[in-house]
Amino acid sequence: MSRIWPVVRREYVERVRSKAFLIVTLLAPVLMGAFVILPGVLMEKQRGRALRIAVVDETGVLKEGVERALANQKADGRERFEIRKAEGGTAATELSALREEVLEGRLDGYVRIPEDALKTSQAEYHGKNVSNFLDLSLVQKIIGEALLTHRLVGEGIELSKVRALTSAADLKTLRVSTEGEKEDRGGSFMLAFLMAGMLYTTVVIWGQALMNGVIEEKTNRAVEVMVASIPTSTLFMGKLLGVGAVGLTQFFVWSSCLVLAGVFGGPALAALGLLPEVPATDVVALLVFFVLGYFLYAAFYAAIGASVNTQQEAQSLIFPVLMPLILAFVLAPSVLSNPEGSVSTVLSFIPPLTPILMFARIVAQRPPSWQIGLAIVLLVLTIAVVNWCAARIYRVGILMYGKRPTLPEILRWIRAA
Amino acid sequence: MSVNAVRLEGITKAYKGHVAVHDLTFEIPRGDLFGLLGPNGAGKTTTLRMITNILGPDSGRIEVLDLVPGQASRDRIGYMPEERGLYPRMVLEEQLIFLAEIKGTPRAEARRRLPPWLERMGLAEWGKRKVNELSKGMQQKAQFIATILHDPEVLILDEPMTGLDPIGANLMRDVLLDMKRQGKTIILSSHHMETVERLCDSIALIHQGRKLLDGPVGEAKKRYGRNAIALGFEGDGSFVANLPGVKRVSDEGHFMEIQMEKGADPQAILREVALRLRVNRFEILEPSLRDIFVSLVGGTDAEVAA
């Protein structure tokens, strides 16, 4: 068995050193980070500077309330709006003066509340940048509240009561777990789905990589020297382990990035609701189910690679093998939203579906330990059987050249080998 | 320790639809340079694959260095397949060290042995290059290093000369003879008769999976020889026709071709002739392996050369 290590090392070193691996492994987190974090950071930055704003109130009754409310808005202890007093004068001259200031960049924008606003509820915001919706929706909300307050006071309700009556509902979502309750703004569903996607993608990517390696070794005949040196089963396991270790390395790099992002960028990101905290148990589950999923599906890939002569020939054989994995991924969202349902529970015990669906259940709502244990035991048994068959197919197929074998022929190899 | 490095006994191997090797029996003495001959599709590669334990026979018995084929015998064999196969994108040195390693040679030891071999095969400057940057001939030399770096006792080379230029072929021949001198057993398969005839001590000739002939090259030739002697001489050679062991002569005055009886000793004839005549030329007319091959296989020359 000591002969397996050179094989594992070769697979590992050759692949990890390749440019493609370095690029994918290092670039993926950067790109992901850019996609997820950059917009948030940009917005944060924009919000970091108070928006210089002026209020032109043609109704003559809302100005004070709106300005006060705007001035009171704070984010992270800083004021979000800097109220500039308008010059005064007639409405027309005032507006044109403000427009000048906006154009010259001394003012970000101004709010115009027209005379008939009390009836129409229409107001205007004029600014160079009108896409900073976080700020603008706040302005809208404040004007709306000012209008409402004014109307209610007009109806004879006391100002102090208005506040109490109009306070809007604010739904906080809290995730209950054994570690206590944590606020969660819907990010965890996305994160879980993202991780399930990562699981699916990596299993497919590394299974495919293994298969291509097997085909390549077969076509350039390097395999003949290999099987003259070591048993085919050793070669098979060595390749499986080597490529798996490469996948695991990639996973480690990626999850380290996730953890680092959590440590250094965590508070800011969490404040934006972009990245809920990833519990360590989820990361462990991700690694465990990657390893299990990989060993199940990669064995198929290796057997297919050994049976065919070209990658084209392999494609038609891969699809049926991949079906359960695709199915599991498609089912993942419904399992995530109903992790304790009987259908979800049953599905998560079907070994080919277990890697993704049991993982989804764990992330969504930790099932009882015995369920996790049982699913893993069933999966490991399946892996053992599949690998045993795959090794036999590999052994016969690897030295077969010529016509692609039919499925009955491949089944005969399993018995004959 | 038996005198044979390899012993095949009644080996049969069938693939779906056809029998590749049928009831094959022969022995390869230790330290011999052995040629496995046969036309394309004769079963040479299948036989070699069974000796290297890549394939198992359907029936029959194989012994390699007194061992039943397995990891232990595999480690003591160096095998160069007909279809050369190296990992094209791997750096040559690392590849060769790797291939020695899976044969059980420690990494450091393989690293130490490698430079002299690269030097000898003219690849010293190519060690750090990727295999796919090497020419075909260089790749073949590299494959040869891969075959012997773990210092095997038995070398199995499937068509070792094909693809080499004359200089490369000479280098290969010198290296093989060197290894033979070191006591290695070398098995090479070829349909290149002239090479085998000059290089090999013993042969087996197989055709359609069956053995037609085996044994030391000299014996094989004798068995299938025309039993003739070419004699160039001065003097009266009429007595030769009456010498024991001589069947018939065709006398042309200063040259005669002597047909011997089966089993006659040409050396005895030479002694008699040398006593009475001035001998300018005495040559035992052996058939070439090529002649034997053609007569046994019954194929055309073109088929043999292919």
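Among contacts in chain B between residues at least 6 apart in sequence, what percentage join residues at least 24 apart? The share is 68%. This figure, like the others here, comes from a predicted model.

Along the principal axes, the C-alpha atoms of chain B fill a box of roughly 70 × 45 × 40 Å. The chain has 306 residues, and 40% of them are buried. The domain assignment divides chain B into domain 1, covering 4-216, and domain 2, covering 226-285. Between the C-alpha centres of these two domains of chain B there are 43 Å.

Two residues of chain B deserve a look at their backbone angles. Asp151(B) is not a glycine, yet its phi is positive, near 55°. This residue sits in the loop that runs between helix H5 (136-148) and strand S6 (154-158) of chain B. Is Asp151(B) buried, partly exposed or exposed? Asp151(B) counts as partly exposed because it has 15 C-beta neighbours inside 10 Å, while 20 or more would be needed for a buried residue.

Glu159(B) also has a positive phi in a residue other than glycine, near 50°. Its place is the loop between S6 and helix H6 (166-181) of chain B. Glu159(B) has 20 C-beta neighbours inside 10 Å, so it counts as buried.

Chain A is next. The domain assignment gives it domain 1 (50-167) and domain 2 (185-416). The C-alpha centres of these two domains of chain A are 56 Å apart.

One helix pair in chain A is formed by H3 (residues 63-72) and H6 (residues 133-154), which pack at an angle of about 140° with their axes 9 Å apart. Because of that angle, H3(A) is oblique to H6(A); the limit for roughly antiparallel is over 145 degrees. The crossing of H3(A) and H6(A) is right-handed. On the H3(A) side the contact is made by Gly65(A), Val66(A), Ala69(A) and Leu70(A), and on the H6(A) side by Ile142(A), Ile143(A), Glu145(A), Ala146(A) and Thr149(A). By class, these residues are six nonpolar, two polar and one charged.

Another pair in chain A is helix H12 (residues 280-307) with helix H16 (residues 369-397), whose axes come within 8 Å and cross at roughly 15°. H12(A) is therefore roughly parallel to H16(A), since angles under 35 degrees fall in that class. H12(A) passes H16(A) in a left-handed crossing. Among the residues that H12(A) brings to the contact are Leu292(A), Phe295(A) and Leu296(A), and those from H16(A) include Leu379(A), Ile383(A) and Val386(A). The contact of H12(A) with H16(A) has 14 nonpolar residues, four polar ones and no charged ones.

The last stop is where the two chains meet. The contact takes 16 residues from chain A and 18 residues from chain B. On chain A, helix H1 (4-16) and helix H9 (222-227) each supply at least two residues of the side that touches chain B. Which of the elements gives the most to that side of chain A? H9(A) does, with five residues. The side of chain A that touches chain B is made up of nine nonpolar, two polar and five charged residues.

Technical notes: Residues are numbered from 1 along each chain as its sequence is written. Chains are lettered from A and ligands numbered from 1 in the order in which they are written. This is a predicted model: local features need pLDDT of at least 70, side-chain atom pairs count only at pLDDT 80 or more; totals for chains, interfaces and linings use all residues. Two residues are in contact if their C-beta atoms, placed from the backbone, lie within 7 Å. Helices (H or I, at least four residues) and strands (E, at least two) are DSSP runs, numbered from the N terminus. Ala, Val, Leu, Ile, Met, Phe, Trp, Tyr, Cys and Pro count as nonpolar, Asp, Glu, Lys and Arg as charged, and the others, Gly among them, as polar. A residue is buried if 20 or more other C-beta atoms lie within 10 Å of its own, exposed if 12 or fewer, and partly exposed in between; C-beta atoms are placed from the backbone. Axes are lines fitted to C-alpha atoms, for helices over the stretch in contact, and angles run from 0 to 180 degrees between N-to-C directions. Angles under 35 degrees count as roughly parallel, over 145 as roughly antiparallel, 65 to 115 as roughly perpendicular and the rest as oblique. A crossing is left-handed if the near helix is turned anticlockwise from the far one by less than a right angle, and right-handed if clockwise. Domain bounds come from an automatic or database domain assignment.
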